[in-house]
Each structure stands twice: as structure tokens, then as C-alpha cells.
Amino acid sequence: MRKASWWILTLVLVVGGVFLYHYHNTGKEDAEKPLTAEGFPIQDAHDMHEEGENLFVVSQKTLYRFNREGDFICQITQPDEIEVAGYLVDAVKEQLIVLGNVNDIYYYTFDGQLLLKKKLKRIDK
């Protein structure tokens, strides 16, 4: 089990490094444009993911959607409902799978419409 965890961690770090290298070396002038949502600056942005013409960003436990030029499109999550711990992009279904709170998973459209909320069952050892 320990060896499998090590390989998974290694894979995540390698893939993440390749993504960050690609993202920071695209050669676009717009990469340095500051992100703002409805006139407010996005601070402490992290967990950026590009999908097609979209850029998804987490800031202060809230998930936002921008276009690749950095223009604000919409706020996906509401901080009073869910604090984003992580998310995955399902490009085929154009959905976001958001992990947050304790054992909660939320499914959103790219436009921020909540499709489904699930509570994960705890597995005791």
C-alpha cells in the first residue's frame, strides 16, 4: 500500500509540473493580466485548470470561470454553500465536480448551475 501511495504522489507531482510548465511557457502576453471578478481582484488564486477556452480558478475557497484571456465569465460556487477543497473538470459532460465541506461533492455546469449534491458515505476501517 505504501508503494502504491508513493507512485500516485509521484505521478501527481509530475503531471502537475508538466501542466505548470506548459501554462507558464505559453508565450501569451495575456498571462500577466490580473484576474478580477465583477470588479474585485482575485487574490491568492490557485488550482488553475484550462479546458478549451475556459480557465477555472480557486480563490478564497470559491471556484471561478474565466476565458483564456482572463475575462471573468461567472462564479461557479457560493462560499456560504460550499468551501472548495478541490475540483475536477469533466470536459466531455462540461461539468465540474467540486469537493468541499466534509464528505460533500457538488456537480456544476460550466455556467455555475448546481446539478447535483452528494454526501459521501464514510468507510470505517
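Mentor: Lys 61 lies in the loop between β4 (54-59) and β5; strands here are DSSP runs (E) of at least two residues, helices are runs (H or I) of at least four, and both are numbered from the N terminus. The model is predicted, so local features need pLDDT of at least 70 and side-chain atom pairs count only at pLDDT 80 or more, while totals for chains, interfaces and linings use all residues. Residues are numbered from 1 along each chain as its sequence is written, and side-chain values use heavy atoms, with hydrogens and water left out.

Lys 61 is not a glycine, yet its phi is positive, about 60°. Most residues other than glycine have a negative phi. With a relative accessible area of 46%, Lys 61 is partly exposed (buried is under 20%, exposed over 50%, partly exposed in between, using a 1.4 Å probe and protein chains only). Asp 47, in strand β3 (residues 46-51), also has a positive phi, near 50°, and is partly exposed at 40%.

Strand β5 covers residues 62-67 and includes Arg 65. Arg 65 is buried, at 12% relative accessible area. Its side chain makes a polar contact of 2.8 Å with that of Asp 111; such a contact is a pair of N or O atoms within 3.5 Å, and within protein one must be able to donate a hydrogen and the other to accept it, with residues adjacent in sequence counting only if both atoms are side-chain atoms. Leaving aside residues up to four places away in sequence, Arg 65 touches several others, among them Asn 54, Phe 72, Cys 74 and Phe 110, where contact means heavy atoms within 4.5 Å.

Next come the rings. Rings of Phe, Tyr and Trp (its six-membered ring) pair if their centres lie within 6.5 Å; planes under 30 degrees apart count as stacked, over 60 as edge-to-face and the rest as tilted. That rule gives five aromatic pairs. In one of them, Tyr 64 and Phe 66 are tilted, at 6.4 Å centre to centre with 45° between the planes. Phe 66 also pairs with Phe 72: the centres are 5.8 Å apart and the planes stand at 70°, so this pair is edge-to-face. Tyr 64, Phe 66 and Phe 72 make up one aromatic cluster.
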